Amino acid sequence: MVTINCSRGVPKITYLSTPKITITNLFSKRASLVAIVAAASSFSSMSYDTELAAAKKAASLAARLCQKVQKELLQSDVQSKSDKSPVTVADYGSQALVSFVLERELPSESFSLVAEEDSGDLRKESGQETLQRITKLVNDTLATDGSFSVPTLAAEDVLRAIDCGKSEGGSHGRHWVLDPIDGTKGFLRGDQYAIALALLDEGKVVLGVLACPNLPLASIGGDSRHSSHDEVGCLFFAKVGAGTYMQSLDGSSPIKVHVSTTENPEEASFFESFEAAHSLHDLSSSIAKKLGVKAPPVRIDSQAKYGALSRGDGAIYLRFPHKGYREKIWDHAAGCIVVTEAGGVATDAAGNPLDFSKGRYLDLDTGIIVTNQKLMPSLLKAVRESLEEATSSL
Ligand SMILES: Nc1ncnc2c1ncn2[C@@H]1O[C@H](COP(=O)(O)OS(=O)(=O)O)[C@@H](OP(=O)(O)O)[C@H]1O
Ligand SMILES: [Mg+2]
Ligand SMILES: [Mg+2]
Ligand SMILES: [Mg+2]
């Protein structure tokens with residue numbers, strides 16, 4: 001927040017944190033004009049450009065690390081966390097790398113990171129070999145980027161970087177939010193996955209980056225045919241109020257992207273989780289049918305769905321986890337700003353906006369739905385009716 005106090009005609013500007021502007025005790029019209037100009041320039045200095053550049057660099061390097069591991073995937077790389085979900089050397093390596101790069105690129109900012117993984121299993125005797133592999137991977141990846149003249153990281157540095165991700169987030173101050181590999185199951189299958197990084201400021205997502213190493217640069221929408229020669233590797237990025245852009249992970253010039261503008265459900269295809277355990281496919285089908293969607297669902301892993309939606313490959317994303325599942329903020333923060341800055345809307349099943357200010361979890365009603373502004377009212381109606389039918393048939 002920026003507070004401007006113009007009591008003596010000379011505007012005094014105080015920075016708090018988000019770029020809201022309050023003008024108090026205006027001395028004259030001229031003073032007020034000066035104040036507004038000053039506020040505008042202070043707003044642009046709060047434009048998160050440095051943070052966005054750091055986030056793009058961190059996510060791109062992490063994508064490089066993940067691509068290397070996916071090529072060499074060995075069964076022994078896969079560990080199981082206590083909740084039985086898979087985690088690989090690439091999940092840990094990506095988290096260590098992003099944490100290290102952000103801290104190094106933004107030395108003047110206090111650093112808080114809410115991230116999926118922790119180093120618990122790597123600190124055990126049984127995790128030592130894996131830790132050595134991760135440390136080597138992180139060092140090898142940093143060495144591919146000429147701008148880091150850092151001494152080789154020790155295993156302890158890697159553990160510390162991973163554990164920076166223990167922040168609880170919340171509604172005050174700035175917090176980075178990271179899913180080092182979203183869609184680990186897709187990653188293991190050789191399919192889609194994403195490195196998803198966002199920044200919260202006073203509880204709002206202000207920037208997001210999605211690196212999708214296996215996503216074709218061309219549309220994956222319903223009618224498009226893919227050939228094995230399609231170029232893959234997309235980097236989506238969005239900043240609050242500045243739109244969403246996509247470039248290739250190899251570094252082409254960014255292009256501005258926009259969600260589908262279709263108002264006709266018959267033309268709209270919809271995305272959902274690849275894994276049936278992560279989202280109720282039957283419920284999505286019933287909603288899509290009610291809405292009049294003709295195309296079959298496009299099932300892909302990870303927040304690559306939000307990226308693909310942001311460039312209009314499909315028009316709807318439906319996500320209805322099984323009862324009792326609690327969504328984590330790192331599974332949606334980056335995707336949410338990528339799609340909303342591209343003109344889309346993301347809400348829970350009752351139409352409430354997603355609230356990232358409540359800590360590591362998203363508290364929401366039933367599921368997550370995403371589409372464009374025009375289709376949202378009829379989608380919400382179809383969701384409500386399908387949920388009512390599902391409840392009454394129990
Ligand atoms: N039971 C259940 N229900 C709903 N969601 C779950 C569930 N279990 C896991 N997860 C989270 O889903 C993340 C993967 O995202 P998607 O469902 O979009 O992709 S996928 O189709 O499952 O691959 C996945 O993210 P990663 O762990 O980062 O891969 C999980 O956070
Ligand atoms: Mg996981
Ligand atoms: Mg995830
Ligand atoms: Mg993950």
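## The nonpolar core

The largest nonpolar core holds 107 residues. Such a core is a set of buried Ala, Val, Leu, Ile, Met, Phe, Trp, Tyr and Cys residues joined through C-beta atoms within 7 Å. Buried means that 20 or more other C-beta atoms lie within 10 Å of the residue's own, with C-beta atoms placed from the backbone. Ala58, Ala59, Ala62, Leu197 and Ala211 have the most contacts inside this core. Helix H2 (residues 49–71) gives the most to it, with 10 residues. Helices (H or I, at least four residues) and strands (E, at least two) are DSSP runs, numbered from the N terminus.

The model is predicted: local features need pLDDT of at least 70, side-chain atom pairs count only at pLDDT 80 or more, and totals for chains, interfaces and linings use all residues. Residues are numbered from 1 along each chain as its sequence is written, while chains are lettered from A and ligands numbered from 1 in the order in which they are written.

## Around Ala59

Ala59 touches Val98, Ile195, Leu197, Val209, Ala211 and Leu235, leaving aside residues up to four places away in sequence. Contact requires C-beta atoms, placed from the backbone, to lie within 7 Å.

## Domains 2 and 3

The domain assignment gives domain 1 (2–45), domain 2 (49–215) and domain 3 (265–392). These bounds come from an automatic or database assignment. The centres of domain 2 and domain 3, taken over C-alpha atoms, are 26 Å apart. Their contact takes 30 residues from domain 2 and 24 residues from domain 3. On the domain 2 side, strand E9 (204–216) is among the contributing elements.

Notes. Contact = placed C-beta atoms within 7 Å. Buried ≥ 20, exposed ≤ 12 C-beta atoms within 10 Å, placed from the backbone.
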